[in-house]
Amino acid sequence: MLSAVGPPVTVRVPAKVNLHLAVGELRPDGFHDLVTVFQALNLFDEVSVVAAHTAQSRGPVTHIGPGGPGVELLGDVDAEAAGVPLDATNLAWRAAVALGEEVGREPDVRIGIRKAIPVAGGMAGGSADAAGTLLALATLWRLDIGREGLMEVAARVGSDVAFALHGGTALGTGRGENLVPVLSRHTFHWVVALQDHGLSTPAVFGELDRLRAASDVKRIGDVEPVLEAVASGEARSLALLLGNDLQAAAVSMDPGLRRTLRAGVAAGALAGVVSGSGPTCIFLCTDGPTAVRVAAELAGAGVCRTVRVAHGPVPGAKVIDGDPAR
Ligand code: ATP
């Protein structure tokens, strides 16, 4: 028999967008070197963890599934329809296993995920859930691991996991896991256009390799001016500099994105860009009221499934309930 033990710990964790995403050459390990500027937006998943002990002897957790150790989606979402795996490949579960290995514990926990970040939308929803799980488990298990220790485990779990813990605005290098905070005291206003389908991140990188092998694909500029624009808080300056090397590949795989990008600017946004590997598109606006207007117009233009108004930067993963230390 399986049962939950003790109160859950709940963590809120933000989506990310890339204000700048420069993709280098394919490395021998199959990854690309990236130079990216992440910003965390106020679109949040919530991750709850609760101890789920077996009534029998406490052996290693070899099976995850209904009722016992494992992952479930909370709220009115069908995991299969949403494309979220509830097996050991779920990034949140992989984070639990990685942290368990780090500290010598079995991941005998049940993880509940309330999703608001689009799945396979280029906003790192899976990575956010992994980051949320790390912080929630560190809290549940009362680990003396510190943010730095968690960041190291996060970087091993996935490229964007460390940023979801970190939040704010940050410069990412390597696969995106080496982070340096970027000075950003100003709020930027965004409209996020979500599609009714996802794009596979590895497939989009593969398409970029293919496009680059076939012709000279224009690359985005240097990152320094982007950092200056973020520091200045000037939305108009930043709008001119938004750039994503993956955009050509995402648009090649999903040509309808061209229409979405045009429609956002026609609706009054300063600029639009594909977020990460897409297909989500993000539009920078001068202020909050303009973002609301742009969102309304974009929603009626038939170029996306739905829209969200968002702002950033916001802090990274944060415990919102069940911290035994509070
Ligand atoms: P990124 O921007 O980091 O490349 P993404 O936002 O495009 O990622 P995710 O939502 O993170 O995409 O999901 C990508 C794939 O990962 C999904 O299609 C799904 O199969 C798998 N996945 C594993 N764990 C999760 C999770 N917790 N939430 C969503 N997807 C997950």
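Q: Where is A124 found?
A: In the loop between β4 (109-114) and α3 (125-140). Helices (H or I, at least four residues) and strands (E, at least two) are DSSP runs, numbered from the N terminus.

Q: Before I go on, what kind of model is this?
A: A predicted one: local features need pLDDT of at least 70, side-chain atom pairs count only at pLDDT 80 or more, and totals for chains, interfaces and linings use all residues. Residues are numbered from 1 along each chain as its sequence is written, and side-chain values use heavy atoms, with hydrogens and water left out.

Q: Back to A124. What is its phi?
A: Near 60°. That is a positive value in a residue other than glycine. Most residues other than glycine have a negative phi.

Q: Which residues are closest to the ligand?
A: A120, G122, A124, G126 and T201. In total, 23 residues surround the ligand. A residue counts as near if one of its heavy atoms lies within 4 Å of the molecule.

Q: How far is the polar backbone atom of A124 from an oxygen atom of the ligand?
A: 2.8 Å. For G122, a backbone N or O atom lies 2.9 Å from a ligand oxygen.

Q: Which atoms of D160 come in there?
A: An N or O atom in the D160 side chain, 2.9 Å from a ligand oxygen.

Q: New topic. How is the chain divided?
A: Into domain 1 (2-181) and domain 2 (188-312). The bounds come from an automatic or database domain assignment. The domain centres, taken over C-alpha atoms, are 25 Å apart.

Q: How many residues are in contact between them?
A: 28 residues of domain 1 with 36 residues of domain 2. Contact means heavy atoms within 4.5 Å.

Q: What area is buried there?
A: About 2,300 Å², with carbon and sulfur atoms giving 62%. Buried area is the accessible area (1.4 Å probe) that two parts lose on being put together, summed over both.

Q: How many polar contacts between the domains?
A: The count is 15 residue pairs in polar contact, both residues at pLDDT 80 or more. A polar contact is a pair of N or O atoms within 3.5 Å; within protein, one must be able to donate a hydrogen and the other to accept it, and residues adjacent in sequence count only if both atoms are side-chain atoms.

Q: Which strand gives the most to the domain 1 side?
A: β1, with eleven residues. β1 (2-26), β2 (32-54) and β5 (169-174) each supply at least two.

Q: And how many salt bridges between the domains?
A: One. R219 pairs with E25, and the closest N and O atoms are 2.8 Å apart. A salt bridge here is a side-chain nitrogen of Lys or Arg within 4 Å of a carboxyl oxygen of Asp or Glu. The whole structure has nine.

Q: Where do E25 and R219 lie?
A: E25 is in strand β1 and R219 is in the loop between α6 (201-214) and α7 (224-232), so the pair ties together parts that are 194 residues apart in sequence.

Q: Last one. Which residues does a cis peptide bond join?
A: G278 and P279, with omega about 5°. P279 lies in the loop between β9 (271-274) and β10 (281-285). A cis bond also joins G312 and P313, again with omega about 5°. Most peptide bonds are trans.
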